[in-house]
Amino acid sequence: MSWGTELWDQFDNLEKHTQWGIDILEKYIKFVKERTEIELSYAKQLRNLSKKYQPKKNSKEEEEYKYTACKAFLSTLNEMNDYAGQHEVISENMTSQITVDLMRYVQELKQERKSNFHDGRKAQQHIETCWKQLESSKRRFERDCKEADRAQQYFEKMDADINVTKADVEKARQQAQLRHQLAEDSKADYSSILQRFNQEQWEYYHTHIPTIFQKIQEMEERRIVRIGESMKTYAEVDRQVIPIIGKCLDGIVKAAESIDQKNDSQLVVEAYKSGFEPPGDIEFEDYTQPMKRTVSENSLSSSKEGKAELKFGGKSRGKLWPFIKKNKLSLKLGATPEDFSNLPPEQRRKKLQQKVDDLNKEIQKEMDQRDAITKMKDVYLKNPQMGDPASLDHKLAEATQNIEKLRLETQKFEAWLAEVEGRLPARSEQARRQSGMYDGQTHPTVTNCAQDRESSPDGSYTEEQSQESELKVLATDFDDEFDDEEPLPAIGTCKALYTFEGQNEGTISVVEGETLSVIEEDKGDGWTRIRRSEDEEGYVPTSYVEVYLDKNAKGAKTYI
């Protein structure tokens with residue numbers, strides 16, 4: 001089967017068909033190109049999705065990834081990032097192995113097709129020229145024959161006419177002979193051109209056209225084979241990444257299987273354990289006895305009959321219960337104290353330990369830097385041309401100073417850590433003031449949850465971001481501490497300089513010019529504890545009052 005023999009007369013249709021074949025190839029190239037763009041877009045979206053859900057560094061969200069479920073989710077995000085990379089590989093391989101290769105081939109194919117059909121048209125033009133020459137010689141031969149016949153007839157007429165001179169007859173005879181000779185020449189020329197045309201036509205239909213059409217057929221078949229190979233490559237590119245994609249999916253499954261619910265539950269305990277014991281039972285308070293009663297702060301009663309016997313005017317009711325939420329003091333800005341005293345003991349211990357570890361790392365870093373400067377100084381001393389040793393004295397002194405500062409800072413946090421862990425005696429008076437409930441107890445002091453500085457008057461602790469905390473107490477001390485609590489003695493008096501509306505828990509309202517008793521001076525947190533009568537006391541800002549201490553107290557008169 002050959003186009004040259006089977007389709008010898010279908011030059012125009014072959015030209016259209018081969019152009020259609022190139023259009024199909026270009027359409028396939030466009031399809032693959034759009035597929036690569038889709039793969040790139042998909043990979044980009046997967047990467048953005050993975051990045052979007054990655055934990056932010058140095059944020060609270062990053063701390064959540066200590067749980068196995070969150071770790072598994074993080075592994076899933078990382079695997080999805082690798083999964084996206086495989087789609088990028090698909091795009092790159094399809095571009096390099098299919099799109100670029102086929103685009104180059106299309107250009108070559110167009111050039112080859114153009115050359116083949118140019119040769120075909122050239123052969124067509126040649127045979128058409130030969131045909132025109134044949135037709136021209138044929139018409140000339142026909143014309144010469146007709147003129148020769150007319151010349152012969154004229155001669156015969158002249159020869160038969162007796163009135164015509166002999167000279168005219170001779171002239172007609174010569175003219176007839178000339179025309180016959182021209183006709184013979186035209187006949188010979190026509191015969192020669194006809195033979196040559198027949199030869200050219202045979203070569204055209206049996207040699208030139210079959211050869212050209214055979215080249216076109218081979219070109220078209222190569223195009224068909226090439227597009228088939230490209231389709232195979234298209235499938236192979238996808239198949240090559242399947243094992244790696246399978247590994248990504250296996251990694252996600254493995255991460256999911258690594259989730260340990262028991263371990264996560266233990267991490268919750270470690271994260272939120274306060275170290276306090278739950279409160280014990282509340283003793284019954286018999287109000288039927290005519291004896292004088294002192295209602296402890298652990299009473300759950302909120303009736304107005306018992307309000308007169310509460311030390312803080314009823315505003316601190318329920319504040320001792322670890323499961324009752326606290327209202328943040330509106331006058332306080334809520335900064336986290338340096339010693340983390342706003343946290344429960346267990347959490348405070350972890351924070352202090354972490355701070356100590358960080359400081360030790362910083363000390364080691366500074367010591368390494370100091371050692372490096374010392375070595376550099378020794379090099380300068382041995383080789384003065386390399387630098388001035390005195391130029392490093394300032395940096396060396398600065399490093400030494402930084403180490404000393406960090407060591408002092410570490411000692412401070414280690415002291416707080418030792419206090420939390422029970423290695424050092426706690427400050428019982430400070431703890432009593434901050435918690436608002438430990439007054440002169442003889443048992444070991446529990447670690448308080450109140451802040452040493454900037455704490456709220458009721459001893460409740462607060463955290464940044466409006467986080468509410470809970471106060472916890474030892475169950476074994478809960479009943480005795482409050483049933484036997486005695487009012488604090490007055491250590492001086494004070495005069496209200498301004499009117500203060502005590503709307504928050506643990507505060508007391510005062511009127512400008514009012515004189516009250518001071519039962520606890522400012523401990524550095526900006527609050528002074530005062531009493532209006534035996535049954536009404538609370539905290540006021542120190543700047544709102546002028547305090548006069550007894551002569552036994554330090555500072556006979558203090559202005560704040």
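This is a predicted model: local features need pLDDT of at least 70, side-chain atom pairs count only at pLDDT 80 or more; totals for chains, interfaces and linings use all residues.
Close-up A. Phe 73 belongs to helix H4, which covers residues 68-160.

Close-up B. Aromatic pairs number 13 in the structure, and one of them joins Tyr 28 to Phe 31. The ring centres of Tyr 28 and Phe 31 are 6.0 Å apart and the ring planes stand at 35°, so the pair counts as tilted. Tyr 28 and Phe 31 are three residues apart in helix H2 (residues 11-52), a separation of about one helical turn. Tyr 28 has 9% relative accessibility and therefore counts as buried, whereas Phe 31, with a relative accessible area of 43%, is partly exposed.

**Close-up C. An edge-to-face ring pair, Phe 413 and Trp 416, in helix H9.** The centres of the rings of Phe 413 and Trp 416 lie 5.2 Å apart, and because their planes are at 90° the pair is edge-to-face. Both residues are part of helix H9 (residues 393-421), where three residues, or about one turn of the helix, separate Phe 413 from Trp 416. Phe 413 is buried at 2% relative accessibility, and Trp 416 is likewise buried, with a relative accessible area of 16%.

**Close-up D. Aromatic rings in a cluster, and a charge over a ring.** Tyr 498, Phe 500, Trp 527 and Tyr 544 form a cluster in which the links are ring pairs. In a separate view, Arg 226 places its charged end over the ring of Tyr 105, at 4.5 Å from the ring centre.

**Close-up E. Strands S3, S4 and S5 and their antiparallel pairing.** Strand S3 (residues 492-496) is paired with strand S4 (residues 515-520) in the antiparallel sense, over four bridges. Within this pairing, Cys 494 faces Leu 516 of S4 from the opposite position. Strand S4 is also joined to strand S5 (residues 527-533), to which it runs antiparallel, by three bridges. Here Glu 520 is found opposite Arg 529 of S5. The hairpin of S4 and S5 has six residues between the strands, and in this hairpin Gly 524 takes a positive phi near 105°.

**Close-up F. A network of salt bridges that includes Arg 529.** A network of salt bridges links Glu 520, Arg 529, Arg 531 and Glu 537. Arg 529 has a salt bridge with Glu 537, in which the closest N and O atoms are 2.9 Å apart. Arg 529 and Glu 537 are both buried.

Close-up G. Side chains of opposite charge can pair when their charged atoms come close. The count for this structure comes to 23 salt bridges, and one of them is the contact of Asp 189 with Arg 140, at 2.3 Å from N to O. This pair links distant parts of the chain, with Asp 189 in helix H5 (residues 166-257) and Arg 140 in helix H4, 49 residues apart. Both ends are partly exposed: Asp 189 has 29% relative accessibility, and Arg 140 has 28%.

Close-up H. Lys 412 and Glu 338 form a salt bridge whose closest N and O atoms are 2.6 Å apart. The residues are 74 positions apart and link distant parts of the chain, Lys 412 lying in helix H9 and Glu 338 in the loop between helix H7 (304-307) and helix H8 (345-382). Lys 412, at 28% relative accessibility, is partly exposed, and Glu 338, at 42%, also counts as partly exposed.

**Close-up I. Pro 344 in the loop between H7 and H8.** Pro 344 is placed in the loop between H7 and H8. With 11% relative accessibility, Pro 344 counts as buried, because buried residues are those under 20%. Pro 344 and Tyr 272 are 72 residues apart along the chain, and 8.7 Å separates their C-alpha atoms.

Methods: Residues are numbered from 1 along each chain as its sequence is written. Side-chain values use heavy atoms; hydrogens and water are left out. Rings of Phe, Tyr and Trp (its six-membered ring) pair if their centres lie within 6.5 Å; planes under 30 degrees apart count as stacked, over 60 as edge-to-face and the rest as tilted. Helices (H or I, at least four residues) and strands (E, at least two) are DSSP runs, numbered from the N terminus. Buried means under 20% relative accessible area, exposed over 50%, partly exposed in between (1.4 Å probe, protein chains only). A charge sits over a ring if NZ of Lys or CZ of Arg is within 6 Å of the ring centre and within 35 degrees of the ring normal. Two strands pair if DSSP finds at least two bridges between them. A salt bridge is a side-chain nitrogen of Lys or Arg within 4 Å of a carboxyl oxygen of Asp or Glu.
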